[in-house]
Amino acid sequence: MAEVTPSRRADLSIVAVDERPDLSEVDAIAVPVAQDGDVPEELAIGRAELLRAGFSGEVAQALAFPRSDGPALVAVGVGDVDSLDASALRRAAAAFARAVPNDSRLATQVRELSGVSVESAAAAIVEGVLLARYRFDLRSLSRGPAAVSRLVLYAPGAPLAELERGTARGRITAQAALLGRDLANCPAGLLTADRMAEVAVEVGAENGLQVEVFDRDDLAALGCGGLLGVNKGSVNPPRMIRLRYAPNGEPIGRLTLVGKGVMYDSGGISLKPSDVSHSQMKNDMSGAGAILAAMSALHDLGCPVAVTGYLMCTDNMPSGSAMQLGDVLTIHGGKTVEVLNTDAEGRLVMADALVMATEEPVDSIVDIATLTGACLRTFGNRMAGVMGNHRGVVEQIEEAGAAADEPVWQLPLIREYRSQLDSEIADLTNMGGPNAGSITAALFLEEFVDGRPWAHIDIAGTAQSDASDGWLNKGATGAGTRLLIELAMGFTPPISR
């Protein structure tokens, strides 16, 4: 996928040193400035002057001081040092990277702080810099910020091994997130379901994953009526992609991830309105993209958990052969679904995989999808929704989201709403009533997990950003990638409820 992944730079050099480095090969260096306290002498400017320029030292403020005889100095606000955490460091590092957009060789100091180790701080800083400088550009003449070619992190007196572990982890997780963004930003005409399968094979070969690709005939043999039904209106064939990661030695748990991979969602016969949101529907495969991107990092991070991923890929198009309202689909495993809205297709494609996940030993099943506009209207674009049948699984997702700065908030599975999915002719319908759409969508998905510990993450809001903000960039965000990495790395099989 090299032709459509310009952000994945093989020539990036990240250097960790335990003393102040030679800055002759650095274009800009970050100088942390707290809200209260002395201004570092190297800035050669006082607090009054900084305040006059609008700089108070709040987290994620940045002010650059170019110099003719050395690297630019960038005052970076870190707020109250005593309460600084990894999330704030990530945002501060992003502000640094944005303050000098044309400089490609950057350096910053890493310090151990209250509650944040050098390793965690280094990882957050690397993530902040690389994610903020992300770009997806298919212009004939490239524009935008310079790509980072060299990043130096130094921590005088700190254990070098700890600093190196942090920089390595930050690079791995950031590169995974960049892959997730590239996939979701890629135009649907370039990234079809078939091409997604090819990318998965390439990524899997590079990162120790077993990859199986199922074509239309395979899906028909498996009885995957949900994925095949949604694909009926498309000229592009569907693909189910199964990824498997196995750790060295006996795994401490088994986690299965299921991702919505609708490469472009027109709404089908239930056509979406022709507005800005419609133009963003190339990102409706963000769930599948996040799983592929997250699993690409597991080998290098030494994940101790066995992880299986299902990417359920198709587009959803209107045509003479398209799925119609009133159709009844038979999901893998035999349950039947009456289609009342062809734009409620993500739950249909994932249902097949959720059933498959129950047919193998598994401790928890987690699905992730840009599923409902109702979730976007509830939380906006900075919070994802999570629902599940097991509090222990939901708690692990909440903790992973907090660690990745990709927060989630639990919505209840209100069982009384299940009756809204009743059908007169099938086991259930694919649509509930006019309200609580996020909850009825999750109740639909729960029907296919056979009581296994399960949770559903709705990233309909967080998958897209309207503007660059902190380490987020305008466009597809790769939401869920780093959350899923954190979940897999820290996963423990849930105990009985």
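**View A. Helices α9 and α15 in contact.** The axes of helix α9 (residues 286-295) and helix α15 (residues 481-490) come within 8 Å of each other and cross at roughly 50°. This angle makes α9 oblique to α15, where oblique is the class left over once angles under 35 degrees are called roughly parallel, those over 145 roughly antiparallel and those from 65 to 115 roughly perpendicular. The crossing of the two helices is right-handed; a crossing has this hand if the near helix is turned clockwise from the far one by less than a right angle, and is left-handed if the turn is anticlockwise. Ala290, Ile291, Ala293 and Ala294 of α9 meet Thr481, Leu484 and Ile485 of α15. Six of these contact residues are nonpolar, one is polar and none is charged.

The model is predicted: local features need pLDDT of at least 70, side-chain atom pairs count only at pLDDT 80 or more, and totals for chains, interfaces and linings use all residues. Residues are numbered from 1 along each chain as its sequence is written, and side-chain values use heavy atoms, with hydrogens and water left out.

Terms for the helix views are as follows. Helices (H or I, at least four residues) and strands (E, at least two) are DSSP runs numbered from the N terminus. Axes are lines fitted to C-alpha atoms, for helices over the stretch in contact, and angles run from 0 to 180 degrees between N-to-C directions. Contact means heavy atoms within 4.5 Å. Ala, Val, Leu, Ile, Met, Phe, Trp, Tyr, Cys and Pro count as nonpolar, Asp, Glu, Lys and Arg as charged, and the others, Gly among them, as polar.

**View B. Helices α4 and α15 in contact.** The axes of α4 and α15 come within 8 Å and cross at roughly 130°, which makes α4 oblique to α15. From α4, the contact draws on Arg169, Thr173, Ala176, Ala177 and Gly180, and from α15 on Thr481, Arg482, Ile485, Glu486 and Met489. The contact has four nonpolar, three polar and three charged residues.

**View C. Helices α13 and α15 in contact.** Helix α13 (residues 391-404) packs on α15 at an angle of about 125°, with the axes 8 Å apart. That angle makes α13 oblique to α15, and α13 passes α15 in a right-handed crossing. On α13 the contact residues are Gln396, Ile397, Ala400, Gly401, Ala403 and Ala404, and on α15 they are Arg482, Leu483, Glu486, Leu487 and Gly490. They divide into six nonpolar, three polar and two charged.

**View D. The largest pocket.** About 920 Å³ of space lies in the largest pocket. On a 1 Å grid over the protein atoms alone, a pocket is an open set of points with protein on both sides within 12 Å along at least five of seven lines, a cavity is a set where a 1.4 Å probe fits but cannot get out, and lining residues have an atom within 4 Å of a point. Grid points are joined across faces, edges and corners, and a volume is the space filled by probe spheres set on the points. Of the 40 lining residues, Lys272, Leu371, Thr372, Gly373 and Ala374 lie nearest the pocket centre. At least two lining residues come from each of β9 (254-265), α8 (276-279), α11 (346-358), α12 (373-379) and α14 (437-446), and α12 gives the most, with four. The lining comprises 13 nonpolar, 17 polar and 10 charged residues.

**View E. The second largest pocket.** This pocket holds about 510 Å³ of space. Its lining has 24 residues, with Tyr134, Phe136, Asn185, Lys474 and Gly475 nearest the centre. Two or more lining residues come from each of α4 (160-185), β18 (464-465) and β19 (475-476). By class, seven residues are nonpolar, 10 polar and seven charged.

**View F. The largest cavity.** The structure holds one cavity of 30 Å³ or more, and about 210 Å³ of space lies in the largest cavity. Among its 17 lining residues, Pro32, Val78, Leu89, Gln109 and Ile125 are the closest to the centre. The elements β2 (28-34), β4 (72-79), α2 (86-99), β5 (105-109) and α3 (118-132) each give two or more residues to the lining, with α2 giving the most, four. The lining has 14 nonpolar, two polar and one charged residues.
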